[in-house]
Amino acid sequence: MTASGTTARRSTRKAKGDGHLRRAEILEAAERIFVAEGYEGATIRKIADEVGVSSTALYMHFPDKSAILLEICERVFTTLLERNREIAAKPIDAVQRTRMMLDAYMRWGIAHPNAYQLVYSVPRPAGTWPVDAESEAAAQCYVVFSGVVREIAAEGRLRNGTADSAAQVLWMACHGVVALIAARPNFEWADRDELIALTLDGLMNGMVVD
């Protein structure tokens with residue numbers, strides 16, 4: 001989204017509403033602006049204008065823009081971690097669990113393109129990005145996922161590579177699907193369910209021995 005697109009959507013000042021609803025509006029607006037203008041280009045004033053509140057009102061919810069970015073990132077990682085843990089604990093085949101985690105990852109990213117791009121795709125200039133990309137929740141997302149891939153490797157079912165290289169290739173490939181859909185929303189993509197299924201079929205059939 002361009003800066004002009006952001007400006008066009010600015011609304012008049014809104015009446016005071018429920019705190020949790022206004023906080024959610026702020027986070028959603030910040031996601032769009034961070035993606036469109038970068039972290040350095042985003043300001044509290046721009047975010048407040050996008051929501052339709054004063055800067056003073058926004059400061060009642062967040063002390064600065066780094067706190068907004070931190071909450072967005074932590075929400076993403078916490079959501080994905082909870083889903084990974086839930087799937088990893090299922091008493092089913094490791095290959096099926098791996099596929100389910102990747103499916104959930106892509107579906108979440110496609111449904112939340114701004115948050116996904118901000119966390120996984122926006123460049124992070126050295127010294128200017130205030131959030132540690134490897135937070136505990138972020139690190140655990142990979143630990144839980146790769147742990148299930150290790151089960152596949154321990155069963156001797158990987159065609160080649162190690163558990164870590166296989167887990168990373170699976171993640172990277174699925175990231176590419178989500179990132180392209182998010183970055184090119186006007187492209188005539190095929191049905192999302194079909195794209196996800198074909199991606200997973202290709203990956204799992206190519207890397208795992210039945």
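Is Asp64 buried, exposed or partly exposed? Asp64 is partly exposed, because its relative accessible area is 33%, and on the scale used here buried means under 20% relative accessible area, exposed over 50%, and partly exposed in between (1.4 Å probe, protein chains only). The structure is a predicted model, in which local features need pLDDT of at least 70 and side-chain atom pairs count only at pLDDT 80 or more, while totals for chains, interfaces and linings use all residues. Residues are numbered from 1 along each chain as its sequence is written, and side-chain values use heavy atoms, with hydrogens and water left out.

Turning to the whole chain, the protein chain has 10 helices and zero strands, where helices (H or I, at least four residues) and strands (E, at least two) are DSSP runs numbered from the N terminus. Of the 210 residues of the protein chain, 39% count as buried. The protein chain exposes about 11,000 Å², of which carbon and sulfur atoms supply 55%; such accessible areas come from the Shrake-Rupley method with a 1.4 Å probe, and for residues only the protein chains shown count as cover. If we take contact to mean heavy atoms within 4.5 Å, then residues 24 or more positions apart account for 71% of the contacts in the protein chain with a separation of 6 or more.

The side chain of Asp64 makes a polar contact with the side chain of Ser66, at 2.7 Å. A polar contact is a pair of N or O atoms within 3.5 Å; within protein, one must be able to donate a hydrogen and the other to accept it, and residues adjacent in sequence count only if both atoms are side-chain atoms. The C-alpha atoms of Asp64 and Thr43, which are 21 residues apart along the chain, are separated by 9.0 Å.

Further along, Arg97 is found in helix α6, which covers residues 94-111, and Arg97 counts as buried because its relative accessibility is 7%. Its side chain makes a polar contact with the side chain of Glu151 (2.7 Å), and the side chain of Arg97 also reaches the backbone oxygen of Ala88 at 3.1 Å. Leaving aside neighbours within four places in sequence, Arg97 is in contact with Ile87, Ala88, Lys90, Ile92, Val148 and Glu151.

Two packed helices are described by the angle between their axes and the distance between the axes. For α6 and helix α10 (residues 192-207), the axes come within 11 Å and cross at roughly 145°, where axes are lines fitted to C-alpha atoms, for helices over the stretch in contact, and angles run from 0 to 180 degrees between N-to-C directions. The residues that make this contact include Val95, Leu102 and Ile110 of α6, and Ile196, Leu200 and Met204 of α10.

Ile110, in helix α6, touches Val178, Ile181, Arg192 and Ile196, not counting residues up to four places away in sequence. Ile110 and Ile181 are 71 residues apart in sequence, and 7.1 Å apart in space from C-alpha to C-alpha. Gln117, by comparison, lies in helix α7 (residues 113-121) and counts as buried because its relative accessibility is 15%. With residues up to four places away in sequence not counted, Gln117 touches Val35, Val122, Ala182 and Ala183.
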